Every structure is written in structure tokens, then in C-alpha cells.
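Here's a quick briefing on some side-chain contacts and ring pairs. Have the model open while you read.

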Amino acid sequence: MRLIDVTAVLEVESSIDDGKDIDFTTEMLKEFYGPDLEGKEYAILSHCWGVVKQEVSFKEMSKLSVMGERKRNEIRDRTGYKKIVATCRQAKKDDLTWVWADTCCIDKRSSSELSEAINSMYKWYEKAKLCYVYLHDIVGYPWTNRAKSAAPPRWFSRGWTLQELIAPKVVHFFDQKWERVGDKNQLAATLRDITRIPEPVLVDGLHSIPLCVAQIISWAAGRTTTREEDRAYSLLGLLGVHMPMLYGEGKNAFHRLQLEIMRTSNDQSIFSWGHSRESGWSGGFLADDPNCFQDCDEVQLLPTDAIKTFFKQSAAGSFKPIPEEQWATFAVTNTGIQIQLLAMDAGNNGLFHLCLACRSPSVEIITIQLARLDSARFRVFGFPARGYCCGMRLHRYLLPYRGIQYPDMTLDLHDETLSHEGFILDRVVPDGVVKDGSVVLSKEKDYALAAYVRERDHTRFVVHFCYFFGRRPSAFAAPYPQDLEVVSVRRRALETLCYNGFSGPEAPGRLHQSRQRPGDPRVALKESPHGARYTVTIDTCDE
């Protein structure tokens, strides 16, 4: 570990300010390993990087005392250097002689050193005597008043600062002028509201209360990093995982992180991401980024005894004891994740509710939905289990890591005939699916309803648009429901499709006509030559 010598930095600054010569033998940075590092007490800086050119690199800091005056003064004028000097001054007030800052204490030219530092960073923050959080964009402490709507400092939106808040035992917050705002214990309630991290974790650390993987990752939802890969790497210490850095791998970094967790943990909450989503599907069971865990901040693991009791009661006497090693372990293979889960048949062809060993305040046990189509497996969202239906059993499943990337589908509406008949398009739900007058469906928003109304006789009907599991979209007309609650209507459509099975993709240009029952408006779907765009013709004429 490389540390900044507080005395050396302040002596150099004092010599320059007093017009004295600098001691060229002064070493601003020193390295410590093993027993030498074990006894060192140091302060550690947590901050948001500014413009890169304003920060000070390892090379510049290590050569500061021997470089020419012009270059040295240019560095001393940078906001990044002033931040380091202010940190050293605060450390001196706190009787500490060493400081660590990520800008200049890591030689980022060395990929091996950078990888070692990232894998060690949580430990370094954890062992720091004091952590100084520098809030560069705030003067005073309006953000600490929960009764006001002041926006929190940018520091709370960055990915790396999550572990920098949790790991150190003592954290002091400073504003732009290096005026102390308060410490982590004093501000625990405010910090909880901003970060969604439980107060015991903020005050006493990760091991103060039982936590699951999904809950920890949920704290990173909404945070950003300069490099996409750092959204995964910044979670290594919090999750107790080590892995090499491969900048350039993009979202694969977060996939690798999840697989590394599975190799050392049987925490099934890692599959609970998106459990409260109201629509969509995925070809893979690994999340693409921490945002997918947004709804997992209150997820908790179920104790073994609670799981056994729950399933024994739910199975109404038909439950047979299952050895824990069967349902509490899973394996990472080259084709997917092999796992044994207790499943409830949804009563439809190829649709299952898989029970995870975790819960949330709103559900006794979290279930995720698996759709099986031919040899493909998909995860379905917005299809919660209703009661404990049909044949609970333990079964081994192969859950794919990630699926094929399917394109969005654009449906161009041609409803001129309806206009001649006096119908108007009342609305399209949910919000956000209409773009440039067309309905656009994706794996996130896979379902939409277009409501048509004729005022003179109050005739109403809806057109359903579905895009499930990468198959060709479908559209059909039906009577106007009692309400346009998309979740329940989508569920009924999905149940119907699962029960009837799915036909394969039809040939480009083929006309597909759909009518739910005689008298309903007719809907015709025709694929464009490019395959991701369809023309939807809606009329009220008899065939």
C-alpha cells in the first residue's frame, strides 16, 4: 500500500510559501507491506473525481519535489492537488501522519497494480483510522435537513463511494470549504434516507445485521461510474469477492461478478432481481447491472427452518422432507446455472413459479417465473404466483446466463377505417410505448393496449399488442375491459398464450389476421422486409 507522507507534503508547501528552497530528497509517497503496514494509522480520502487533468497522478506526486518550478506550480494550482493538501492538513489536526488518496497513491499505468488496488480497496478503507468525505459541490449542510428538499451532494450518486461510506468505522463529512458537517453516526438517519442502507450497517458495519446479496447490490442501483465495468468492480469488497479486472468487457463484468458470488455462496436472493417488475421478460437469469436490483432493498433470506415449515404447510401434507444439500446448492456450468428449486406449476403449458429462499415485506416467499418454450428458457416478469397452485415439487433447472439480444418491435397503426366509422384512439397504455405515432415493444415493455371509443353510441374496444420471448408480435381486438389495468390484462393474455403454446416465427411478409370472437374488430399484422417492423391494420369490416 502506498501512502502520502503528511509531514513531507506540508513541509514542501511551507517552504514554497516562505520562499525557501525545497529539499529535493523529500519523498512524498512511501510504500508499506506486511508488518510495516499493519502498524500504520492513516486517514483516507473519499471524494468525487473532477476533470482528470485537474487531478494529480502517481507519477506527478512522486516527482513533485524534483521537477521544475513552472511544472510544479501548475500542479499546485490544480483543484486535485489542493484537495490533497487540505486532506493532509486535516490529518495533521487529527494527529495522523499518513494519508491515502486514490488519485495519486495508485500507479494506474500498471494494470497489475490497479487490479490489486481495486481488490484491496475495501480492506484499505475498513482499516483506516479516519475517512474524510469531501463534498466539493456543497457549502454548509442543507442536505442534512430531511425536512427540506435539498438535493444530496453528487458524492452519493457515485459507484465507488458506496463502499467508502460503509467500510470505514469513522467517517467525517466536509463541505466545499473543508468545514466539518458531521460524522457517519450523527448523520445516520439522513444517510439511510438517501442511500437506503439500514442504520445498523452505517453505524456498525456489514456484519451488524443479516444481509443478503440482493440487498447489498440494491444499494448500488442508480449510482454511476465513469467506466461501465466499475459498476461491478466497486462491489467486490462489499460482497467479499475477488476477480481480475478486464476493462473493455462492458456489462460482462457484472455477469462475472454474479458468477463469482455463486461459486462461494448459495444465496438464492441473487436471482430475485426485478421480482416486483410489472412487465417484460429476459432470456437470461443474470442481471445486466445493479439497477436491476432496485426493488431488492428489503429482501431478506429465509432461515432454513422457516423454509421447511413454509413448504410443509403450503404442500398441504404432500410435502416430503428434502435434504438441505439438494435445494441449498447450485452449480455454475459452461451452459448455465444448475439449481434445484421447489416449483409450483402455474397450470399452463410451460410456465412455472420457482420459489427462492428469500422474502420481502410484501410477500412471504419470493418467486420468479420460468417460461419453457421448446429448448429455450425465459424469465417472465409481472406474473406473480396467485396462491399455491398445482403440484409443488423439487426439480433441477438449467437457468441460462444470458439470452439472445432481441430487437425492439415497431408496430405502425393503420386505423383509417375506424376513423370513417366514427372511432377515435382514446389512449395507449402503458406510457412510453408510443414513439412517432407507432407502438414500440421491447423485452422490457412487452405489452400494450390501444383503446378505441365511438362517442355516438359509446361503443368501445381495445387492441392488445404482445411481444413475448422474442417471437413475432401478435395483435388482437377484444371487448373493452372494466379497467385498463395493464398488469392483470397482460397476465391473462400471457396465460392464454402459454396454455395454447407458441407458434414459431412466421415467414416475412406473411399476413396474420386475428379475431377473438365473431363481431370483434379485425386486426391484420404484416411484417415488413426488415423483420422488426410491422404494419397493423385495424378495421370493423367482416371478412
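What follows covers one glutamate, then the aromatic pairs, then the charges over rings.

This is a predicted model, where local features need pLDDT of at least 70, side-chain atom pairs count only at pLDDT 80 or more, and totals for chains, interfaces and linings use all residues. Residues are numbered from 1 along each chain as its sequence is written, and side-chain values use heavy atoms, with hydrogens and water left out.

**Around E249**
- With 17% relative accessibility, E249 counts as buried (under 20% relative accessible area; exposed is over 50%, partly exposed in between, 1.4 Å probe, protein chains only).
- The E249 side chain contacts E229, Y233 and R256, leaving aside neighbours within four places in sequence (contact: heavy atoms within 4.5 Å).

**Aromatic pairs**
- The count comes to 25 aromatic pairs (ring centres within 6.5 Å, using the six-membered ring for Trp; planes under 30 degrees apart are stacked, over 60 edge-to-face, the rest tilted).
- W273 and F381 make a tilted pair, 5.5 Å centre to centre with 55° between the planes, and they sit 108 residues apart.
- Both W273 and F381 are buried.
- W281 and Y406 pair edge-to-face at 5.6 Å and 70°.
- W281 is buried at 2%, while Y406 is partly exposed at 27%.
- Ring pairs join W281, F378, Y406, Y447, Y467, F468 and F469 into a cluster.

**Charges over rings**
- R277 lies over the face of F381, 3.8 Å from the ring centre (CZ of Arg or NZ of Lys within 6 Å of the centre and within 35 degrees of the ring normal).
- R460 has its charged end over the Y480 ring, 3.9 Å from the centre.

Technical notes:
Helix = DSSP H or I, 4+ residues; strand = E, 2+ residues; numbered from the N terminus.
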